[in-house]
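Me: I've got a new model open and I'd like a quick tour. Can we start with the charged pairs?

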Amino acid sequence: MKKILIVEDDPVLNENIKTALQGVEMEVQTVFDGLIASKLMRKENFDCIILDINLPHKNGYDICREFRTHNRSTPVLMLTAFNELDDKVQGFDSGADDYLTKPFYMKELLLRINSLVKRMDARYEHENALPTILSHGIKIDQVRKKVEREGSEIVLTPREYQILLKLVSAKGELVLKQDLITEIWGRTIDANTNTIEVYINFLRKKVDKPFGKSSIKTKIGFGYYLDNA
């Protein structure tokens, strides 16, 4: 039985989500306060976390960002009343795996949760056999999710890590923008948005700029690749 944490301060919505999840035989724990949620997420393990953004005492962005400092694998699905691209980017940059805008259908929420949980299960099954990848001076330890360049560790958000892993694994070959978005975000964002460009810029500031490099390249209209520059 999968264990799900709901962090939502609206009592009616909290109860409705809880009922829907219990209806598909999931174990559910609920929290209404951001500060309490943050403490609970440090003490207990969950298979998925449903996290509202606007919460009393501590918002969802801060909770997720703090959570990712000690847990990079448990999927987090953010809920918000906003549908702006900047809000989505901030959510993903905080470490969220998916994003759902209120109001939503419970069926869609259940589909998103099942997808996240299955993805995590598959990752756990294979991660111990994953090799360390080295390309263009960038080293990625896939088991520990650790990135290094010239002996220095680079701290990335989960989304940044996923994008860089895809680029490094391609070993200089072009990675199409559409393929990158579909693999990492699925259908949660439109391929025509500038979300991916925002993350590429984040990566350049962390992976290239501190080392005097310019290895993450853009082929306008197509995608991205690593170069020896």
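Me: What does D52 form a salt bridge with?

Reply: D52 pairs with K102, and their closest N and O atoms are 3.1 Å apart. A salt bridge here is a side-chain nitrogen of Lys or Arg within 4 Å of a carboxyl oxygen of Asp or Glu. This is a predicted model, where local features need pLDDT of at least 70, side-chain atom pairs count only at pLDDT 80 or more, and totals for chains, interfaces and linings use all residues. Residues are numbered from 1 along each chain as its sequence is written, and side-chain values use heavy atoms, with hydrogens and water left out.

Me: Where do D52 and K102 lie?

Reply: D52 is in strand β3, and K102 is in the loop between β5 and α5 (106-126), so the bridge ties together parts that are 50 residues apart in sequence. Helices (H or I, at least four residues) and strands (E, at least two) are DSSP runs, numbered from the N terminus.

Me: Is D52 buried or exposed?

Reply: D52 is buried, at 3% relative accessibility. K102 is partly exposed, at 24%. Buried means under 20% relative accessible area, exposed over 50%, and partly exposed in between, with a 1.4 Å probe and protein chains only.

Me: Which residues are linked in a network with D52?

Reply: E8 and K102 are linked with D52 in a network of salt bridges.

Me: How many salt bridges by this rule?

Reply: The count is 13. One of them joins the side chains of K3 and E44, at 2.8 Å from N to O. K3 sits in strand β1 (residues 3-7), while E44 is in the loop between α2 (34-43) and β3 (48-52), 41 residues apart. K3 counts as buried at 18% relative accessibility. E44 counts as partly exposed at 28%.

Me: What about E108, which residue does it bridge to?

Reply: E108 bridges to R112, with the closest N and O atoms 2.8 Å apart. Both lie in helix α5, 4 residues apart, about one turn of the helix. An α-helix has 3.6 residues a turn, so residues three or four places apart point the same way.

Me: New topic. Which residues touch the most other members in the largest nonpolar core?

Reply: I49, L51, M78, I163 and L164 do, out of 48 residues in that core. Helix α6 (residues 158-169) gives the most to this core, with 6 residues. A nonpolar core is a set of buried Ala, Val, Leu, Ile, Met, Phe, Trp, Tyr and Cys residues joined through side-chain atoms within 4.5 Å.

Me: What is L51 in contact with?

Reply: Leaving aside neighbours within four places in sequence, L51 contacts V7, G60, I63, C64, V76, L77, M78 and L79. Contact means heavy atoms within 4.5 Å.

Me: Which residues of helix α4 are buried?

Reply: In α4 (residues 85-93), the buried ones are D87, K88, V89, G91 and F92. Their cover includes α3 (60-67), β4 (76-80), β5 (98-101), α6, α7 (177-185) and α8 (195-208).

Me: And just after α4, what phi does G95 take?

Reply: G95 has a positive phi of about 115 degrees.
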